[in-house]
Amino acid sequence: MIDSLSGQFSKGKAFFHLPGLFEFFNFYKKFLPIFREHREWFYSWCDIASVYGSPEDCLWAGGRIEESGLRCGDNELEQVRDLLNDFGISARLTFSNSLLRAEHLADEKCNLLCRIFGGDTGAGGGVCRVVKNGVILHSDLLLEYLKKNYPDFYFVSSTTKVLTDFSDFEAELDRADFSFVVPDFRLNKSFEKLGGLTQAQKDKVEFLCNECCWAGCKDRRECYESVSREVLERCAGGSPDGSVDAHICRAPGGNKGYRFSLAMKNPAFISLDDIQKVFLPMGFSNFKIEGRSLGSALLLEFILYYMTKPEFHINLREELYLDNLLDLF
């Protein structure tokens, strides 16, 4: 699967980064053995590089609110880590809160999470990792703290930075701190500029494939900041400016919630054909699937669409639907 970090992937192969590390843990417990045992059901040119997410009471979290049922400190956290490790898949902690202050860095629960997923391993130190685990983040304050205290992590620049200017995006790619950078989805089809990147830069690009947001939205940064405030209110008893009002989406169709059928009509949508015929030949390898907080039924649809051969859709559905322990709806 993922060998280690960017630049060390098999060329011509797509690596997917899937959502719901904690929220969909029961789904992955069932799905990953199927993925291993029935690899012929899935396209040979793709693989799973990472699964990302954060527990629901995680102060450093952002981007989306997850109702995972798993909380920092639960014994299940080690089970999550070990499951991904057993399948050679990187676990990524989503620490993309953009409003963190210095006093938040000492949060006991988040530091415990870092010790579980990014602490010393090997003799006397717990599980021996097959791959490195990572952190998706927004805050440079948190970045410096993690580099100093948990150097075993690799770092991913979060799409919550809303990098819509290509020069800003390219500057982010050139930062040595980041192994991957997720641009704003509206840069997905900037093919002339994307084609001008060096291969080293291309190896760090991680495209958000299935965003449903309106391409003309000017409030995306404010939307993400609203989630960060809500997390701080939940976990720390207050937001930086005292405001906890949720962002109200005013985009056309925003009141309908996420619809994969609408995401497919988004001009920035990256289709299966786009990956095979455009992005892979251009030298890009990394593709992020949105889906935290959307439910495991939609996660299955994403996996069917992007990774599963059509003639085996029914096989995968049957294997998962017949498991009474899974709540897919």
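1. Arg-101 is partly exposed at 32% relative accessibility (buried means under 20% relative accessible area, exposed over 50%, partly exposed in between, with a 1.4 Å probe and protein chains only). Arg-101 forms a salt bridge with Glu-103, their closest N and O atoms lying 2.6 Å apart (a salt bridge is a side-chain nitrogen of Lys or Arg within 4 Å of a carboxyl oxygen of Asp or Glu). The count by this rule is 15 salt bridges.

2. This is a predicted model, in which local features need pLDDT of at least 70 and side-chain atom pairs count only at pLDDT 80 or more, while totals for chains, interfaces and linings use all residues. Residues are numbered from 1 along each chain as its sequence is written, and side-chain values use heavy atoms, with hydrogens and water left out.

3. Eight strands form an open sheet with parallel pairing, in the order E6-E5-E4-E3-E2-E1-E8-E7. Its edge strands, E6 (180-181) and E7 (206-208), each pair on one side only. Strands (E, at least two residues) and helices (H or I, at least four) are DSSP runs numbered from the N terminus; two strands pair if DSSP finds at least two bridges between them.

4. Strand E2 (residues 46-53) has eight of its eight residues buried. E2 pairs in the parallel sense with E1 (residues 14-19) over six bridges, and four bridges join E2 to the parallel strand E3 (residues 90-95). Tyr-52 of E2 stands opposite Pro-19 and has Arg-92 as its bridge partner in E3.

5. From E1 the chain passes through helix H1 (residues 25-37) to E2 in a right-handed β-α-β crossover; that is, with the strands pointing away from the viewer, the path from the first strand over the helix to the second runs clockwise.

6. Arg-92 also takes part in a salt bridge with Glu-206 (2.8 Å, N to O). This pair links distant parts of the chain, with Glu-206 in strand E7 and Arg-92 in strand E3, 114 residues apart. Both ends count as buried: Glu-206 has a relative accessible area of 1%, and Arg-92 is at 0%.

7. A further salt bridge joins Arg-175 and Glu-172 (3.6 Å, N to O). Arg-175 is partly exposed at 23%, whereas Glu-172 is buried at 8%.
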